[in-house]
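Subject: Structure for you to look at

Hello,

Here is the structure I said I would pass on. My notes follow below it.

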Amino acid sequence: MNNILRYLRKGELALFVIFLIVFVVFSFSSEYFFTLRNIMNVSGQMSIILIAAIGFSVLLIAGEVDISIGSLLAFVSIPLIETMNITGSVPLGIILCLVFGILIGLINGFFSVYLGVSSLIVTLGMLFILRGAVYLYTGQRAIPDELMSDFFFYIGNGKFMGTIPYAAIIGLVILLVFIFVMRNTSYGRKLYAVGGNQEVARLAGYNIKLLKLSAFVICSFLSSISAIILASRIGSANHVAGDLFEFQVVAAVVLGGVSLAGGIGSLTGAAIGVLILSVISNGLGLLNIDTQWQLVVNGVIIIIAVGFDELKRNRSL
Amino acid sequence: MKFLQSNESILFFILALLCIFLSFYNPQFYSIQNIHSILRSSSTVMIVAFGMTILLTSGEVDLSVGALMSFVTVIVMDVINISGSIALGLIAVFGFCLLIGLINGLVRTVLNVNSLIATLAMMLILQGSVYVYSMAAIYNTHLIPLFSFIGQGFFLNIPMPVVIMLIILPFFVVLLNFTRYGRYFSAIGSNPDAAKLSGINNNRYKVIGFVITSLLVGVSGVILASLMDTGQQGSAKGFELIVIAAVLLGGTSFMGGRGTIIGTILGILILKIIDNGIILMRIPQEFQLIVPGVILILAVYFDGIRRKNSD
Amino acid sequence: MALGEKIVININFKELKIESVSKSFPGVQALDNVSMKIASGKVHALMGENGAGKSTLIKILAGAYSKDSGDISFDENKLNIRNPNDSLNYGIKVVYQEISLISEFSVAENIFLDNFPTNNLGIINWNKLYKDTEELFNRIGFDLNPKSKISDLSISQQQMVEIAKAVFKNASLVIMDEPTSSLTPNEIDKLFTVIKNLKQNNIAILYVTHKIDEIFQIADEVTVLRDGQHISNKLISESSEETIIKDMVGRTVNATFERPVDISSAKTVMKVKQISSKNKINNVSFDLHEGEILGFFGLMGAGRTELAKAIFGYDKITEGYVEINNNNYKSFNTSTMVNNGVGYITEDRKGEGIVKDMNLRENMSLPSLKIFEDLFIINKKREKNAADDYIKKFSVKTPSSERLITLLSGGNQQKVLVSRWLIRELKIIILDEPTRGVDIGAKTEVLSLINDLAKEGLSVLLMTSEMNDLLSLSDRILVMADGKISKEFYRGNVNQEEIFKASVS
């Protein structure tokens with residue numbers, strides 16, 4: 001326990017306390033909340049946001065941003081479902097889905113890093129382009145999964161030993177891998193350095209452009225994995241999938257202490273941010289409170305979290 | 001003539017080419033109905049874009065305009081339905097918009113939150129709370145003819161939205177080009193320290209920029225509600241991105257310091273005529289999303305190159 | 001030598017020789033035939049007033065500037081420094097005043113930033129990282145936990161990390177630029193211990209400073225530069241504070257302006273009462289009289305610019321008040337001051353002065369647009385006439401008032417910024433380093449302009465580190481050190497050496 005506490009550094013500990021409070025409040029308000037079934041349910045649902053949030057945090061840490069991930073979610077599920085429907089091969093579909101994700105990451109990164117257009121604008125444009133392309137291809141109808149492979153179904157819906165959702169396991173493994181990469185590899189530390197102080201990183205001889213490009217690719221790649229889980233859960237490539245997804249991710253990550261200014265924050269924090277928002281939305285749902293309140297709650301949380309971050313930084317100046 | 005700067009003449013040239021091309025392709029392009037429809041849908045964008053031009057000139061941005069506009073359609077319809085008074089509907093709308101603009105501006109200046117994040121959060125809050133306000137679309141049950149006239153009527157054979165836009169337009173052309181406030185906005189966007197050291201109260205003008213933009217969203221929202229004859233939660237979704245893309249295309253800089261209302265108008269006309277062309281040429285309508293996306297990236301890319309050259 | 005090839009040199013050397021190095025910028029001879037020798041294992045102090053050429057010399061050694069002529073060599077081996085990388089490869093490391101570390105990283109990570117010890121998979125060997133850092137610290141006598149986060153350290157500790165980062169690989173010459181400017185006495189002691197350890201490792205140290213007392217504690221030799229020329233080079237045992245100050249200040253004031261005899265009987269136009277700010281300023285008070293030129297002298301970091309900005313309402317004051325036009329202002333902003341007839345000309349013309357998207361006319365009229373208004377609309381004709389008047393008056397070199405400000409030369413931009421305030425009714429002007437970056441000819445022009453304005457009744461706050469300007473113009477001189485006013489001098493009763501002493505106290 002002591003080790004865990006040390007691991008969650010001061011800021012993260014505060015978040016963890018918030019999480020516990022939310023958890024306890026909901027446990028008392030709804031008898032269904034604190035049941036194994038519900039908790040497992042939440043862990044499966046949140047893995048979609050969690051995995052994308054990991055990639056998004058890596059990119060923010062490197063000092064860039066990608067708000068096209070929501071549209072990307074809808075976009076890459078098309079090659080996934082279509083390939084499966086046509087070839088009957090799940091692995092081929094998954095590979096193609098990930099390849100498309102990587103390609104989009106490369107395009108975003110190329111325009112932002114090599115052509116010098118602000119990544120916010122590039123990915124804002126990409127948000128339009130991908131969504132338009134999705135509407136165009138699908139004719140604004142969902143493309144159903146006709147293969148009905150058990151394997152594919154289990155990715156998003158299956159449970160290990162009947163209790164732990166596979167999606168949650170995938171999310172946890174990816175989280176642990178990237179926590180390790182960001183903390184303990186020179187690659188991860190270089191991403192922090194580039195986002196934290198680009199000039200110092202340049203003087204240390206880093207290839208800043210390549211590092212940033214790789215972060216764009218990681219972000220798109222992990223979002224594509226989220227897309228696979230989502231497609232498995234809803235059993236189709238849906239043209240409206242991922243609507244407002246980017247904003248949910250921003251809210252969670254910023255809440256988790258990852259700074260929009262780059263170079264600051266941890267994946268542990270981001271994960272706790274996702275956890276808090278997921279638990280709030282689950283709890284509100286169980287209490288039959290309008291799901292639209294989630295948006296309001298997210299918006300208020302962003303302002304408070306970022307405003308607090310700014311105040312803290314101004315004071316330390 | 002200093003009025004049309006070189007950038008604006010390029011846009012004007014592109015616009016003319018588009019018109020000529022489309023009229024050859026499909027003579028329907030020049031039908032009164034088609035022109036009315038282009039102008040009518042352009043006007044709602046333009047009205048909001050006037051405010052966005054000011055904001056971008058002063059180095060800020062407002063992503064909440066689309067969500068606010070949807071909210072406005074709901075409020076105006078609901079309040080008029082209940083009260084039977086257009087005046088009360090308008091008071092409610094502009095009171096609400098004033099409040100939202102103030103909050104945006106104060107979060108930006110007092111809490112010092114980057115306006116991109118601040119207004120993104122506001123967008124989420126508005127998008128959620130409009131459903132909290134009313135889950136269903138609100139239909140016109142008051143049937144007041146004057147209200148329908150706002151969006152659907154004609155004055156001297158000109159669609160009313162265009163008339164409203166034309167009434168507002170000169171005010172902003174004058175504001176940005178001929179008054180000290182216009183100079184202040186560009187000084188603040190170009191070099192905030194120099195502006196402050198010239199005795200300008202930067203924060204005050206930034207708040208004013210956000211408030212003006214929100215109020216203009218109120219105007220456009222009322223027109224939209226009248227046009228649709230409903231108040232609908234998602235009616236202006238993605239509107240913010242179209243407005244921003246058009247303003248940037250018009251030559252206003254994303255980095256602040258340079259803004260032009262005429263350029264903004266030309267930018268919107270180009271986007272809207274491309275939209276119209278997509279329909280006339282029977283190209284799938286989904287390209288109406290893709291084209292502004294591409295144009296946005298290219299416009300900012302060329303803006304960057306232009307800046308590099310002028311430095 | 002092929003591009004990209006690493007320069008391999010023998011770091012063992014007796015001395016770094018700088019021979020007849022010159023460097024000029026348009027209108028300024030920054031370095032004029034400067035020669036000096038820096039011995040390995042010794043601390044060589046480099047002294048001089050602002051503009052003496054110290055920073056130009058540092059930048060040439062660091063590869064940021066290229067020299068016009070002269071040679072730099074280790075013993076007999078000539079160095080070919082074309083860029084900062086060459087300089088680093090020769091083992092020349094500069095520790096600048098500003099800290100440039102990744103504040104979220106540990107001490108060890110920052111030191112090994114360009115070369116983390118990793119295995120084949122790129123996984124960092126933390127044990128080795130910390131052990132290597134510890135070893136390095138032992139060698140140079142640091143007392144610091146390699147695992148501490150930079151943002152948790154004091155400034156002096158951060159500075160030590162900078163030094164460690166500079167010396168952990170093949171350092172031959174370490175240049176320290178004003179290393180003590182933000183340190184407490186206790187921290188300075190620690191820094192000196194480190195420097196002594198570096199000496200024992202046969203590293204040559206070029207120690208650049210304003211603070212005379214320090215060099216007697218740490219330096220072996222001292223070289224003084226003045227106006228880009230080498231003035232003296234002595235062993236520290238053979239020099240004294242007096243001789244060094246004399247060498248630094250040297251020349252006699254050449255252009256003394258006629259000033260009205262008794263300014264203090266003129267009426268008071270501004271009273272500054274015990275103001276403090278978060279930005280250094282600590283309990284500053286003074287009165288300013290009509291037509292007075294009140295000079296503020298201080299070394300880098302003494303708080304001149306911060307004082308100017310606090311008075312002008314750019315930085316909030318936390319205590320005290322400013323009285324102007326019979327109003328007491330405790331909380332005010334820049335527009336309050338502008339409306340009271342105060343103007344401000346910044347030392348940072350590019351960053352805080354010009355608005356680069358605007359033309360000359362628009363830059364000139366920015367604070368005064370109200371006077372050109374006819375019922376909300378700016379009367380461009382009147383505005384243009386006013387701009388043209390000042391273009392003529394100051395002979396600004398431009399084809400028209402409609403030219404983009406960025407297309408003008410620095411000197412002409414400065415004239416526009418001065419006109420920006422003269423165009424309106426002005427009672428007080430705050431000038432921060434008005435002659436910085438202005439060549440010698442134009443300098444006299446600027447100074448006599450200030451003198452003329454004051455004669456017409458304008459009150460001037462003159463913030464400067466140029467002793468010459470200060471002495472030739474000021475009716476009164478306030479010397480600043482550490483955000484406070486340390487001494488006051490009256491015209492006709494001034495002594496350069498005393499001013500200098502007051503500023504280093």
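How many salt bridges does the rule find across the interface of chain A and chain C? There is one. Bear in mind that this is a predicted model. The salt bridge joins the side chains of Arg189(A) and Glu109(C), at 2.4 Å from N to O.

On the chain A side, α8 (166-184) and α9 (186-196) each supply at least two of the residues that touch chain C. The most come from α9(A), which gives five. Sorted by class, that side of chain A has seven nonpolar, five polar and three charged residues.

The contact draws 15 residues from chain A and 15 residues from chain C. Between them the two chains bury about 1300 Å², with 66% of that on carbon and sulfur atoms. Arg189(A), Asn184(A) and Val200(A) lose the most area on the chain A side, together 37% of what that side buries.

Chain C also has an open sheet of four strands, in the order β12-β11-β14-β15, with antiparallel pairing. From one strand to the next the twist averages 10°. Three bridges connect β14(C), residues 317-324, with β15(C); Glu323(C) has Asn328(C) as its bridge partner in β15(C). Helix α9 of chain C (residues 304-311) lies across β11 (268-277), β12 and β14 of that chain, at about 115° to β11(C).

Regards

Key: Residues are numbered from 1 along each chain as its sequence is written. Chains are lettered from A and ligands numbered from 1 in the order in which they are written. This is a predicted model: local features need pLDDT of at least 70, side-chain atom pairs count only at pLDDT 80 or more; totals for chains, interfaces and linings use all residues. Side-chain values use heavy atoms; hydrogens and water are left out. Contact means heavy atoms within 4.5 Å. Buried area is the accessible area (1.4 Å probe) that two parts lose on being put together, summed over both. A salt bridge is a side-chain nitrogen of Lys or Arg within 4 Å of a carboxyl oxygen of Asp or Glu. Ala, Val, Leu, Ile, Met, Phe, Trp, Tyr, Cys and Pro count as nonpolar, Asp, Glu, Lys and Arg as charged, and the others, Gly among them, as polar. Two strands pair if DSSP finds at least two bridges between them. Axes are lines fitted to C-alpha atoms, for helices over the stretch in contact, and angles run from 0 to 180 degrees between N-to-C directions.
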